[in-house]
Amino acid sequence: MSAQILDGKATAAAIKSDLTVRVAALKERGFTPGLGTVLVGDDPASHKYVAGKHRDCAQVGLASIQRTLPATATQEEVEAVVRELNEDPACTGYIVQLPLPKGIDENRILELMDPAKDADGLHPTNLGRLVLNEPAPLPCTPNGVITLLRAHGVEINGAEVVVVGRGVTIGRPMPLILTRRSENATVTQCHTGTRDLSAHLRNADIIVAAAGVPHLIKPEDVKPGAAVLDVGVSRNGEGKIVGDVHPGVSEVAGWISPNPGGVGPMTRAQLLVNVVEAAERAAAAL
Ligand SMILES: Nc1nc(=O)c2c([nH]1)NC[C@@H]1CN(c3ccc(C(=O)N[C@@H](CCC(=O)O)C(=O)O)cc3)C=[N+]21
């Protein structure tokens, strides 16, 4: 028996078609939301991701604002672009594509963003609001994981979830979302310092693999029927994506997110959701 697919592509398409209607309604009221991106340097993967985000914008009717800086840009130059987008009324929300080149202080850049325009949900104020159970834009990848599970009817309430990884974009915020009363999961967070990862994995109803270690999650470590989300993006010699989940896992798991085609498209869809929601809040305040 092969695992059922957590189809991120299809789920993201459904979210985008809902957003298209909401964006049209905003435009009718004279309000065109816009997503900004700040891209520094020439990492090919980052360029590809950012291009994808602008394609998504065009699809749902959002305006897009692109700011590209060379790898040699200084801290001051990046900060100037952030200040400009904070002030720009056409920019409803924006992201600073991570990672930034060495020598740029990433946290200082994030802190400088207007939290009301934080489309990634990674501003310290918004992460703080998440801790405090206050409404805030949610980090896109963890929120995409939740939406993907819900769209396929995977039970989160009461589930034992193992999150592997402790990065800022997924590993750290994911347990905060999973343990809200609305999700009500029990979470174990594992990382490179975990003594016996297999022991934790074998107990999990849901595994969120976000370590960035190719094929870290092996079939023998997965409980039969578990839902396994592959968030890892490593590249092999040919530039092809290699996930954190070993292909053999699909023979054991009940649900698996393909990679590509799983969590990646959901991340992009949630980014659009954050922008449209920010625009709806701004329009309601008019
Ligand atoms: N400020 C910031 N926000 C981010 O959200 C952010 C970031 N920085 N830095 C890099 C990571 C990575 N990330 C991806 C998003 C979508 C896909 C995606 O759609 N992937 C496609 C395949 C794309 C391909 O083939 O390369 C898929 O999984 O089907 C992948 C990766 C967002 N990130």
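Visitor: Which residues is Val-163 in contact with, leaving aside its neighbours within four places in sequence?
Guide: This is a predicted model. In it, Val-163 is in contact with Gly-171, Met-174, Pro-175, Val-187, Gln-189, Val-208 and Ala-210. The word "contact" is used because the C-beta atoms of two such residues lie within 7 Å.

Visitor: Why is Val-163 called buried?
Guide: The cut-off for a buried residue is 20 or more other C-beta atoms within 10 Å. Val-163 has 30 C-beta neighbours inside that distance, so it counts as buried.

Visitor: Where in the chain is Val-163 found?
Guide: Val-163 is found in strand E5, which covers residues 160-164. The C-alpha atom of Val-163 is separated by 9.9 Å from that of Leu-178, 15 residues apart along the chain.

Visitor: Where in the protein chain is confidence highest, and where is it lowest?
Guide: The highest value belongs to E5, at 99. The lowest is in strand E9 (residues 234-235), at a mean of 93. For the protein chain, the mean pLDDT is 97, and 100% of its residues reach 70 or more. The model as a whole scores ipTM 0.94 and pTM 0.97.

Visitor: How is the protein chain divided?
Guide: There are two parts: domain 1 (29-114) and domain 2 (140-264). Their centres, taken over C-alpha atoms, are separated by 28 Å.

Visitor: What does the UniProt annotation cover?
Guide: The unreviewed UniProt entry annotates residues 139-282 as "domain: Tetrahydrofolate dehydrogenase/cyclohydrolase NAD(P)-binding". In the model, this span is 30% helix and 17% strand, and its end C-alpha atoms lie 20 Å apart.

Visitor: How do you know where the ligand lies relative to domain 1 and domain 2?
Guide: Both domain 1 (29-114) and domain 2 (140-264) give residues to the shell around the ligand, so the ligand lies between them.

Visitor: Which residues come nearest to the ligand?
Guide: Of the 18 residues around the ligand, the nearest are Ile-95, Leu-98, Pro-260, Gly-264 and Thr-267. Two or more residues of the shell come from each of helix H2 (44-60), strand E4 (93-96) and helix H9 (263-284). H9 gives the largest share, 4 residues.

Key: Residues numbered from 1 in each chain as written. Predicted model: local features only at pLDDT ≥ 70, side-chain atom pairs only at ≥ 80, totals over all residues. UniProt positions renumbered as here; feature names shortened; annotations may be inferred. Buried ≥ 20, exposed ≤ 12 C-beta atoms within 10 Å, placed from the backbone. pLDDT = per-residue confidence, 0-100. Domains from an automatic or database assignment. Near = placed C-beta within 6 Å.
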